[in-house]
Amino acid sequence: MSDAYPQRIVCLTEEPTEVLYAIGEEHRIVGISGFTVRPPRARKEKPKVSAFTSAKIGQILDLKPDLAIGFSDLQADIAQELIRAGVEVWISNHRSVDGIVAYIRRLGAMVGATAKAEELARRVEAQLARIAAQATALPRRPRVYFEEWDEPLITGIRWVGELVRIAGGDDVFPELLEEPLAKQRILADPMEVVRRAPDIVFGSWCGKRFRPERVAARPGWADMPAVRDGELHEIKSPIILQPGPAALFDGIEAMHEVIARWARR
């Protein structure tokens, strides 16, 4: 019966690797993304065959995969090359919290592990419900600016804004959350952040360290509540900018801690 499901999977991004390890199906993985940090043992056990917008196609083909899993339009070129080479490819494109939970269930079904994926999805839903209940009990809600990149300024993607809300805050750029592409979330005028007066700034500069002192030194930002009160916080990109379980467990937890501390101050 097991032959009905993929036996040699290449994961072009981190979230399929994280999900497959979490549901005990990691033996199916033959190659992973070089950006994978969760779980840590994956980096030791699996060959790294892709970045995000590029991949070692020859090396992937040598692994004889029966499925490659990637994410979003940014991996369309990699997907096209693999498809032309005869590899079956699944590119997911979920951008919301509900989408991440559905992704866990769908990936589980694809490898014949529906029950284990359902258990993980329910654990995620219980975690979100627990944090939402704690957030509802807070005495006040902060205005939150989430910065995904600094040059140019890019605001957070949809699942990030949704997690901010569940964690007890209100995203100051709600109208941009629906924009799936980073270029559509670029802020032409940095002073627009100041005008929206966030109480907390979360920074997650994909692939490099967040520098709060640089944010504080931006022209005109000194009187913004978040800068004035020293509420500039890094959320590590692997736990928030990957549309997988990490964001729904560790990412929201990290944001809720900061928000709860602010709300009780």
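In the predicted model, Glu162 is buried, with a relative accessible area of 14%, which places this residue under the 20% cut-off. Its salt-bridge partner is Arg158, and the closest N and O atoms of the two side chains are 2.8 Å apart. Both residues belong to helix H7, which spans residues 158-167. Glu162 and Arg158 are separated by 4 residues, about one turn of that helix. Arg158 has a relative accessibility of 29% and therefore counts as partly exposed, since that class covers values between 20% and 50%.

Arg158 also takes part in a second salt bridge, with Glu178, at an N to O distance of 3.7 Å. Glu178 is located in the loop between strand S8 (170-171) and helix H8 (191-195), whereas Arg158 lies in helix H7, so this pair ties together parts that are 20 residues apart in sequence. The relative accessible area of Glu178 is 54%, and the residue is therefore exposed, the cut-off for that class being over 50%. Arg158 thus pairs with Glu162 within helix H7 and with Glu178 in the loop between S8 and H8.

A further salt bridge joins Glu18 and Arg38, with 2.9 Å between the closest N and O atoms. Glu18 is part of helix H1 (residues 14-22), and Arg38 is found in the loop between strand S2 (29-33) and helix H2 (40-45); the pair therefore ties together parts that are 20 residues apart in sequence. Both Glu18 and Arg38 are buried.

Side chains of opposite charge can pair when their charged atoms come close. With the criterion of a Lys or Arg side-chain nitrogen within 4 Å of an Asp or Glu carboxyl oxygen, the model contains 27 salt bridges. Some of the charged residues are linked in a network of salt bridges, made up of Glu175, Asp189, Glu192, Arg195 and Arg196.

H11 is mostly covered, with 14 of its 20 residues buried.

Technical notes
Residues are numbered from 1 along each chain as its sequence is written. This is a predicted model: local features need pLDDT of at least 70, side-chain atom pairs count only at pLDDT 80 or more; totals for chains, interfaces and linings use all residues. Side-chain values use heavy atoms; hydrogens and water are left out. Helices (H or I, at least four residues) and strands (E, at least two) are DSSP runs, numbered from the N terminus. Buried means under 20% relative accessible area, exposed over 50%, partly exposed in between (1.4 Å probe, protein chains only).
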